[in-house]
Amino acid sequence: QVQLAESGGGLVQAGGSLTLSCAASGRIFGIHSMGWERQAPGNDRDFVARIQGSDNTDYADYVKGRFTISRDIAKNTVYLQMNSLRPEDSAVYYCNVYSYADGRYYWGDGISVTVSS
């Protein structure tokens with residue numbers, strides 16, 4: 001069983017910054033990528049960012065230039081540095097791991113980010 005422990009969320013003012021962390025534990029079979037999605041109340045869950053390998057990254061258009069995803073492979077940890085936060089960034093952020101070997105996604109419980117005006 002894979003468990004994902006998210007941390008770093010909270011309340012910030014618009015224009016501020018937060019860094020989310022997600023540490024994976026348990027067995028993850030084979031090569032895997034890690035990423036973040038987010039969901040605001042009443043909205044769909046949206047893609048935010050993903051990282052494959054050590055530096056192959058992908059971002060949603062609305063976070064490009066503001067968010068940076070990175071990972072520490074040895075620690076099985078992914079980070080999301082969020083700068084210039086906007087109220088529209090307020091959501092529950094979900095960390096995930098995708099295993100290429102077994103074709104499975106594993107999800108964290110989500111962590112809340114609230115950006116005030």
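## Ground rules

Since the model is predicted, local features need pLDDT of at least 70 and side-chain atom pairs count only at pLDDT 80 or more, while totals for chains, interfaces and linings use all residues. Residues are numbered from 1 along each chain as its sequence is written, and side-chain values use heavy atoms, with hydrogens and water left out.

## The core

Let's start inside. The largest nonpolar core holds 31 residues, and Trp 36, Leu 80, Met 82 and Tyr 93 have the most contacts inside it. (Such a core is a set of buried Ala, Val, Leu, Ile, Met, Phe, Trp, Tyr and Cys residues joined through side-chain atoms within 4.5 Å; buried means under 20% relative accessible area, exposed over 50%, partly exposed in between, with a 1.4 Å probe and protein chains only.)

## A four-stranded sheet

Strands here are DSSP runs of E, at least two residues long, numbered from the N terminus. Two of them pair if DSSP finds at least two bridges between them.

Strands 3 and 8 are joined by six bridges; Thr 19, for one, has Gln 81 in strand 8 as its bridge partner.

## Aromatic rings

Ring pairs tie Tyr 98, Tyr 100, Tyr 105 and Trp 107 into a cluster. (Rings of Phe, Tyr and Trp, using the six-membered ring of Trp, pair if their centres lie within 6.5 Å; planes under 30 degrees apart are stacked, over 60 edge-to-face, the rest tilted.) Tyr 98 and Tyr 105 sit 4.6 Å apart by ring centres with planes at 45°, so that pair is tilted.
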